[in-house]
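Subject: Structure handover

Hello,

Here is the structure you will be working with, together with notes on what was found in it. Please look through the sequence and the model before reading on.

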Amino acid sequence: MHRTASPRTAARAAAAAVAAALLAGLAGPHVHAAGDDRGRRSEEVLQHLVPSPDGPGCAAAVGERGSVAWEAGRGKADLATGRAITPRTVFDMASNSKQFTADAVLLLAGRHRLALDDPLSDFLDDPPAWTRTVTLGDLMRHTSGIPDYQDLLEAEGTAVTDPAGQKEAIAAILASRPQDPPGKRFSYSNSNYVLLAHVVEKTTGRPFPAFVQQEFFDPLHLDMTLAPATDVPGKAKSYDEDDGAFTPVSSPWTQYGDGSVHTTPGELVRWADNYRTGRIGGPHLLAGVTRGAVGVGDVLRPRGIEEGRYGAGILLLPDNTLVHRGDWEGFHSTFIVNPDRETAVTVVCNADSPDHFRAANRLLDIWTR
């Protein structure tokens, strides 16, 4: 027979487990039932990813069917104050924001407000001729051939440390032209998603951040915000590393659609359950996430992705796993949803951490095998 611990004894045991984790440099992991070592093994992954708790670090979370099964943080969110990274630390999710932009377009398509084969020119006041041959589907799947606005702005002399917003980015994009015929090949460009955010605004008459908040974050009770170049409460500082020295980095650029969703890893794995349930968008959105996905070739191989097809702001791997990565001004994130859509993982760091993608995959293995 098993002896049932008293509530006071159980509370003491839980407190001891948390205290031990804190002494090891891991802030706030969940406590699991006896015999379940997935939490311990997950903590080991995070310790390996962030060897020292005294520098910048990472936070990670695992979600199961919309609930957070495990989450923890290790390292410092702010080196100047010594504030630690915890599961409540907010990060800029960078390009992992693109899935919300794509899903916003799919949501409007499901309401017959637009169609993926609509030309970009339909949503511009004074469209250049080339925008008549670029469709919304081309933008969504990165087959527009449009150069990245970040390169265009910098070529104009606007550094990442200079002020620049949505208006400047779109002006630079429309003054350029596609480098390849639309629909010809996959070529990842942040310009595509800045333009898609503009399409949503033009279609709805609502600011894009408000649309995403009202249509996705609020109905799903997600503690997320879309706020470019903003110090969101609880947000980590980000850092560049040079020979062991860390320098804070930031940018006053305020573009959105391609990035700028701020949240915790735990909230992002909670969001992942929409890929299983279709609570927002229903079957139309779920089908649209992968319908028409295009092969990326070996373009993403340097980022650890051997092959896959790009759909609606997310990459579909051959085994049906969904994955995306994000990198912006010292923030680096990996988001993975397993093939049966039951389990999701997010790992986010506030300095370059080369193994964060591998760590995310190791966490997924721990919780699905």
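**Disulfide**

The link of Cys 58 and Cys 349 is right-handed, with 100 degrees about the S-S bond. Cys 58 lies in strand β2 (residues 58-64) and Cys 349 in strand β16 (residues 343-349), so the pair links distant parts of the chain, 291 residues apart. The S to S distance of this disulfide between Cys 58 and Cys 349 is 2.1 Å. A search of the whole structure finds one disulfide. Please keep in mind that this is a predicted model, and that the values here are computed from it.

Two packed helices are described by the angle between their axes and the distance between the axes. The notes below take the partners of α3 in turn.

With α7: helix α3 (residues 98-110) packs against helix α7 (residues 190-204) at an angle of about 40 degrees, and the axes are 10 Å apart. That angle makes α3 oblique to α7. The crossing of α3 and α7 is left-handed. On the α3 side, the contact is made by Lys 98, Thr 101, Ala 102, Ala 104, Val 105 and Leu 108. On the α7 side, Asn 190, Tyr 193, Leu 196, Ala 197, Val 200, Thr 203 and Thr 204 take part. By class, the contact of α3 with α7 has eight nonpolar, four polar and one charged residues.

With α11: the axes of α3 and helix α11 (residues 282-290) are 9 Å apart, and the two helices pack at an angle of about 130 degrees. α3 and α11 are therefore oblique to each other. Their crossing is right-handed. Asp 103, Leu 106, Leu 107, Ala 109 and Gly 110 of α3 meet His 284, Leu 285, Gly 288 and Val 289 of α11. The contact of α3 with α11 divides into five nonpolar, three polar and one charged residues.

With α8: the axes of α3 and helix α8 (residues 208-217) come within 11 Å and cross at roughly 75 degrees. α3 and α8 are therefore roughly perpendicular to each other. From α3, the contact uses Phe 100, Thr 101, Asp 103, Ala 104, Leu 107 and Leu 108. From α8, the contact uses Phe 208, Phe 211, Val 212, Glu 215, Phe 216 and Phe 217. In the contact of α3 with α8 there are nine nonpolar, one polar and two charged residues.

**Strands**

Strands of a sheet pair through backbone hydrogen bonds, either parallel or antiparallel. An open sheet of three strands runs in the order β6-β10-β7, and its pairing is antiparallel. β6 (91-92) and β7 (225-226) stand at the edges with a single partner strand each, so one side of each is left without a neighbour in the sheet. Two bridges hold the antiparallel pair of β6 and strand β10 (residues 261-263). Phe 91 has Thr 263 as its bridge partner in β10.

Strand β8 (residues 238-242) and strand β9 (residues 245-249) are also antiparallel, and pair over five bridges. Ser 238 stands opposite Val 249 in β9. β8 and β9 form a hairpin with two residues between them. In the turn, Asp 243 has a positive phi of about 55 degrees.

Regards

Definitions and conventions
Residues numbered from 1 in each chain as written. Predicted model: local features only at pLDDT ≥ 70, side-chain atom pairs only at ≥ 80, totals over all residues. Heavy atoms only, no water. Pairing = 2+ DSSP bridges. Helix = DSSP H or I, 4+ residues; strand = E, 2+ residues; numbered from the N terminus. Axes fitted to C-alpha atoms, helices over the stretch in contact; angles between N-to-C directions. Parallel < 35°, antiparallel > 145°, perpendicular 65-115°, else oblique. Left-handed = near helix turned anticlockwise from the far one by under 90°. Contact = heavy atoms within 4.5 Å. Nonpolar A, V, L, I, M, F, W, Y, C, P; charged D, E, K, R; others polar. Disulfide = S-S within 2.5 Å.
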